[in-house]
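Visitor: I am new to this structure. Could we go through it together, one topic at a time?

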Amino acid sequence: MELSGAEILWECLMREGVEVVFGIPGGANMPIYDAMLKYPVHHVLVRHEQGAAHMADGYARASGKVGVALATSGPGATNLVTGIATAMMDSSPVVFITGQVHAHLIGGDAFQETDVTGITLPITKHNYLVTRAEEIAQVVREAFYIARTGRPGPVLIDICKNAQIQKTEFVYPEKIELPGYKPPRTAPPSELKKAAQMIKESRRPVILAGHGLLISRAYREMQELSHRAHIPVAMTLLGIGSMPASDPHNLGMMGMHGEAYCNLAIQNADLLIALGMRFDDRVTGNLKTYAPHAKKIHVEIDPSEVHKNVVVDLPLFGDLKAVLTDLLPYVEEARHDEWFDQIEEWRAESDSRDIIYWPDDGKLYTAHVIRSIWEATQGKATLATGVGQHQMWAAQYYPFEEPYRFITSGGAGTMGFGVPAALGVWFTDKSRDVWVIDGDGSFQMTQAELSTIVQEGASVKIAIMNNHFLGMVRQWQEFFFESRYAATPLHGPDFVKIAEAHGIPAQRITKPEEVKDALQFANQTPGPVLLDFWVEKEEAVYPMVPAGADLHDMIRRPVREKSPA
Amino acid sequence: MQHTLIALVENKPGVLNRVASLFRRRNFNIESLNVGHTDRKDISRMTIVINSDEVDARKVEANLYKLVNVIDVQDVSTQPAVIRDLALIKVKAALDQRAEIANLASIFRGRIVDVAADSVIVEITGTEDKIESLIELLRPFGILEMVRTGQVAMLRGGYEPVRHTPGAGSNGHHPEEVLEFD
Ligand SMILES: Cc1ncc(C[n+]2csc(CCOP(=O)(O)OP(=O)(O)O)c2C)c(N)n1
């Protein structure tokens, strides 16, 4: 059957199970949009292509399915760039499809011609320039395969307009030939036995649980390992949810704003079992003094991550699910009570400093607001966040019992991620309770997507932690630049009015006693709601490991009286 | 130490750019890079020489594998291999100097491939050392222009190639066995 290139594209997307795409049309992708009308796919019209990228990314993170974003050539494609880099840093499977000028015009600086494959080369797992309709089916098949397998990541397909229009015989490729694409599968038994032996010999083991556990759906196997061999679990920002927060083995988040007792456990461990994490500088601090007594096992699917930052004793290459499944039969039951007792001591000391136990002093603290949101949502919401203090407080004070519920930009730290990512999450399951915990700075970066939310009738609850500052930068200025607040005070607009201008019900909350009612209002109002919390302006996130400092060298919150309740 | 890597890559547009971009992005310092055909139309061969420690050499290898179009990477640094470089050297040569230059070239099994009124072009193939030596001997005559291909390498017969990166060779996915998320 002869089809146009654009029709072939949609035929292939249908076969990949694509139900929703996010994008904006323009000159160079109009044939794709025209052909779309014939296919059962829901298109979400965004207000800025960055929004489309984050939506597709949020969709992918929350579901494990490949997200899809569309943009036209030139500025449409370059507007995606921040979103592509965000997906790349966090190994999120997204396929980006951009229009490109006619093949015969390429290289001639035609109207809206940009070298998109060139620009996105270092921020995609792979990319393609398609100049003929005959290539489309093969390329789309490969792109989805590459995006979701191995260490997932974004793949971009740049399709010339002539290739969209040309008609050709549609043959769906039965096979993919990628001779150079061979992610490792699992580790050999000899290596697994070595790992089991190291685990057996350890007295103070810690599991470092990373995003890979969620991506590979291997968190149950990790939990089994932790329970069987009695090993505490420290999570990276993106590993949150891999261990239920209520599990006694859970140490919470590690790293720059990790729990003090969690970081201390890592620094005092004699064995680290790193699962699908990459020893980012935000979790290790000074590499020279990082976990100096610990042997290290590193389970990783991407060989270039092993020995990159931390030289390990035993690398196990492969898909986490496969490696852990193969490893578990060798792992013996064990108890490390002394080790847990020690950690418990550190934990008690940490609690004495924790803002969450502060009595009500009439001030509105972000940590308390987030804990109230946790209560109001029975801990079952999916949160998307911006980047900054509110993001760290969300990680610290919204304990998650399940994976795939904390959607946040980790590696890239992209402000503006929250609102669009939340909309993407909502499309994975419209009955999901989706919240955005945003900063007033982050929110304004992609605020335009409010109208997309309204146009889609999406039930997304937006809670802005409005400190009238670029808070995290302000905190660094306070700690490291003698409180010289260069360009961090933020005189935002009236967010309630902005919401109402979009037809979104909204409230402003300035006192602790208003929080409960506001959250009830959000829960009881169908559709989107915006809450503008005017929180304490100059609160700081604790503990904090200054960039490059030793992981145990944390700036701690001064001890204050504990609330009796 | 010097590491010599051989990479087999798909012969597709943009692959050289991907490799070069990788080296730039990861801050790897490349001594020389040579690209050429193989016996197969669909596969090109790169010889990459880097000056680095063992850890960095492994990083280069593992990162090369991250490129979808890179099929195979061997490290021949510690293996018996034939390693060659080719140079064309244009040397100032008055009439009475030609014989001497030809003589020098022939000692290194080089030869003169072009003669003009006041210059000659010497062609030489060999190891890096050998070429450097000839260049030093020709320098006093006045080198007008020079080009070198960079090293190409091939493992001697009867030896097994060394591949460090897991996933290389047989321990990898094949497209039929897609690892799905659920
Ligand atoms: C796109 C982008 N630009 C700049 C930064 C640097 N940055 C990191 S946190 C931060 C402040 C965030 O402010 P806000 O969203 O209000 O959150 P808060 O820290 O106040 O909770 C900035 C500017 C960034 N991460 N991303």
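Visitor: Where does B:V113 lie?

Guide: In this predicted model, B:V113 belongs to strand β6 of chain B, residues 111-115. Helices (H or I, at least four residues) and strands (E, at least two) are DSSP runs, numbered from the N terminus.

Visitor: How are residues and chains labelled, and what is counted?

Guide: Residues are numbered from 1 along each chain as its sequence is written, while chains are lettered from A and ligands numbered from 1 in the order in which they are written. Local features need pLDDT of at least 70, side-chain atom pairs count only at pLDDT 80 or more, and totals for chains, interfaces and linings use all residues, with side-chain values resting on heavy atoms and leaving out hydrogens and water.

Visitor: Is B:V113 buried, partly exposed or exposed?

Guide: B:V113 is partly exposed, at a relative accessible area of 39%. Buried means under 20%, exposed over 50%, and partly exposed in between (1.4 Å probe, protein chains only).

Visitor: On to the ligand. How many residues surround the ligand?

Guide: There are 17, and the closest are A:Q389, A:G441, A:S442, A:G471 and A:M472. A residue counts if one of its heavy atoms lies within 4 Å.

Visitor: Which helix gives the largest share of the shell?

Guide: That is α19(A), with four residues. Helices α17 (389-397), α19 (440-445) and α21 (471-480) of chain A each supply at least two.

Visitor: What about the backbone: which peptide bond is cis, from A:Y542?

Guide: The bond from A:Y542 to A:P543 is cis, with omega near -15°. A:P543 is in the segment after β20 (529-534) of chain A. Most peptide bonds are trans, and most residues other than glycine have a negative phi.

Visitor: What is the phi of A:H468?

Guide: A:H468 has a positive phi of about 55°, although it is not a glycine. A:H468 sits in the loop between β18 (460-466) and α21 of chain A.

Visitor: And A:A487, is that residue buried or exposed?

Guide: A:A487 is exposed, with a relative accessible area of 67%, whereas A:H468 is buried at 17%. The phi of A:A487 is also positive, near 55°.
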